[in-house]
Amino acid sequence: MDEAAIRRMTVAMDFRAHDGIHHHVSDGVALGHCAFHTTPGSAEAPQPWLSADGMQGLVMDGWLANPDELRTELEARRARLRNHSDAELILHAYDQWGEDCIHHFEGEYGIVIWDGHRRKVMCVRDHLGMRPLHYHWDGLRLVVATDVAGVLAAGDFQQKPNAYRMAENLASEFYSRDETVWAGVMRMPLASAMLVGASGPRVWEYWSLPLDYSIRYKRDEDYYEQYRELLMDCVRRASRSQVAIGCEVSGGHDSSAIFALARRLKESGRLQAPDALGFTLSGVPGTISDEIDYARDVGRFLGVPIHEKARTCADISWFEQHIAMDRDMPFFPNAQSMFAEAEMMRDHGCRVVLDGEGGDEFVGGSAYFIHELLRAGRFGTLSRELQLMGKRNGLPYVAQRLFRYGLRPLAPLSFDAAMRHLHRHREPWPDHLGKGPHWVVRPLRDQLAERREQFRLSEDSWKIRNPSKRRLWRELRDPGYDAIRDINARMLARLGVEMRTAMYSRKYFEFISALPETILYRDGYGKHIHIQALQKDLPRSVLDRRSKAEFSFTFEHQFAQLAPFFEQELPAAAPEEVCPEGLASLWNTYRTSADGIWELWRIFGWYRLKALTSA
């Protein structure tokens with residue numbers, strides 16, 4: 001192992017090293033760690049953290065949600081724990097249970113364990129994929145890092161672009177769960193582990209959605225009570241910090257709930273941090289992007305200040321610089337605008353930030369409530385819900401939803417398989433794209449079609465008979481959103497804070513998946529259980545809110561600067577992968593209707609990254 005390589009790798013990720021960079025190099029292994037102490041006891045085990053005999057070692061990014069339970073388990077097995085760090089617990093868990101130790105962990109983490117006794121390395125990514133982990137294996141040597149740039153910084157293997165993954169970014173059509181834009185640089189999928197020894201790497205999925213777990217109560221109040229209790233426990237576990245935690249308070253249902261429960265925990269002495277502070281950003285006054293009044297209502301209701309700052313937009317050169325540093329696709333403008341909020345949090349001494357991600361994705365419910373009401377014979381309730389749906393969207397919409405989300409799931413599995421085969425050539429694009437990514441040349445589109453078919457044949461979630469569970473499992477494992485989680489995790493590290501997401505915990509996800517859809521979606525809206533459970537914790541203005549903020553103005557700011565790029569630079573360069581007429585059509589669509597912002601942003605990122613990978 002070249003010691004200089006591990007030092008290049010940690011330098012490439014030094015933005016994570018708020019508490020220094022440390023290395024351990026011995027026969028056949030080099031470990032490096034960019035330290036950021038965010039949990040009590042983490043400084044007691046400076047990483048790389050080694051066993052007492054020096055023959056096992058660990059580096060990790062993240063935190064454990066169940067350290068007390070794990071400590072009790074290990075002490076019952078007479079483990080001699082040297083400190084109160086998560087690293088010590090994980091290393092002893094591996095010593096006790098080997099690769100089965102992963103079934104004893106909860107939290108958000110990317111972990112690498114070196115076992116000098118067995119000459120093996122074990123890598124683990126958390127259940128819901130909140131912390132990234134990338135690697136390169138050449139048949140003789142394993143290189144692992146949190147970030148793509150960290151792997152590439154080893155610098156002593158051939159680096160060339162992965163044409164297939166680049167094509168997915170260009171077309172905004174994603175099928176690969178383990179590839180990156182660099183050939184041979186792989187990403188660990190969520191809930192996966194990898195063991196590497198003399199025979200090479202073995203990757204497996206160690207957790208999946210429990211299909212036989214369901215929760216049914218006679219009274220709605222029992223659902224509300226258990227939901228609030230579980231969410232509060234998730235917030236408590238995520239609040240582990242030696243300094244005050246910050247909470248993003250947008251004024252929506254989810255982030256406001258996380259902050260409210262953190263304050264309840266503080267009041268009862270159960271918060272695992274000295275304090276919980278609220279922070280918010282204002283948008284463009286008078287537009288749907290500005291939620292500041294709701295956030296202020298939360299602060300007044302709870303009797304604490306909400307620290308405010310205006311949402312900002314970086315210049316396009318900022319994104320180009322980060323593409324070059326990260327050697328990956330750029331952050332999205334709406335997410336980048338959080339930098340101003342992170343600066344506030346750091347100024348107040350916060351290292352950990354809790355947000356409300358996961359509410360829309362998980363507890364928002366879906367139209368599969370139609371299927372449940374049909375099966376239960378609750379036709380009166382179904383009729384009322386369909387009438388509400390019809391008033392907003394029209395009868396054709398209701399008819400389509402009734403068939404797709406009500407009648408079709410009642411059919412046998414063989415019928416569903418036949419429908420999948422019949423519609424196998426249906427193209428998965430939104431309406432504003434017409435017949436698809438027409439800015440991509442036909443040969444590349446044909447290759448993507450082959451990938452789409454391979455993905456369809458390998459994807460077996462359609463066999464899950466419960467349509468609500470199937471929906472959640474598909475959304476969690478969606479290759480496009482999984483990649484976005486990697487990008488966001490890297491961005492948040494650059495913010496200088498550690499983001500934790502209570503609603504992306506395994507326990508929360510499994511609980512939501514076990515609920516009836518009708519407790520999630522009711523009276524024409526989702527999040528029914530969430531809103532009802534928090535009646536005493538949030539102001540009426542937030543509880544009654546049904547609008548949703550959006551931040552397209554951050555894209556508009558960038559596209560105002562990118563007009564020469566789409567109208568002159570890119571057409572003049574004439575890359576062989578791009579159809580000029582299709583590109584002009586997409587740009588015109590944006591100029592006339594504001595549609596296509598995600599596709600255009602990825603085209604910009606693809607082109608800048610293409611120049612980098614080609615070089």
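**Thr180 and its surroundings**

Guide: Leaving aside neighbours within four places in sequence, Thr180 is in contact (heavy atoms within 4.5 Å) with His134, Val148, Asn162, Arg165, Val185, Met186 and Arg187. The model is a predicted one, in which local features need pLDDT of at least 70 and side-chain atom pairs count only at pLDDT 80 or more, while totals for chains, interfaces and linings use all residues. Residues are numbered from 1 along each chain as its sequence is written, and side-chain values use heavy atoms, with hydrogens and water left out.

Visitor: Is Thr180 buried or exposed?

Guide: Buried means under 20% relative accessible area, exposed over 50%, and partly exposed in between, with a 1.4 Å probe and protein chains only. Thr180 has a relative accessible area of 8%, so Thr180 is buried. Thr180 belongs to the loop between α5 (163-171) and β9 (185-187); helices (H or I, at least four residues) and strands (E, at least two) are DSSP runs, numbered from the N terminus. The Thr180 side chain reaches the backbone oxygen of Val185 at 2.6 Å.

Visitor: What is the order of the strands in the open sheet?

Guide: Strands of a sheet pair through backbone hydrogen bonds, either parallel or antiparallel. Two strands pair if DSSP finds at least two bridges between them. Here an open sheet of 5 strands has the order β14-β13-β12-β15-β16, with parallel pairing. At the edges stand β14 (306-310) and β16 (498-501), each with a single partner strand, so one side of each lacks a neighbour in the sheet. Between β13 (residues 276-282) and β14 there are 5 bridges, and Ser282 has Ala310 in β14 as its bridge partner.

Visitor: How is the packing of helices α14 and α15 described?

Guide: Two packed helices are described by the angle between their axes and the distance between the axes. Axes are lines fitted to C-alpha atoms, for helices over the stretch in contact, and angles run from 0 to 180 degrees between N-to-C directions. Helix α14 (residues 379-393) packs with α15 (residues 395-407) at an angle of about 135 degrees, their axes being 8 Å apart. Angles under 35 degrees count as roughly parallel, over 145 as roughly antiparallel, 65 to 115 as roughly perpendicular and the rest as oblique; α14 and α15 are therefore oblique to each other. The contact is made by Leu386, Met389, Gly390 and Asn393 of α14 with Tyr397, Val398, Arg401 and Leu402 of α15.

Conventions. Polar contact = N/O pair within 3.5 Å; in protein donor to acceptor, adjacent residues only side chain to side chain.
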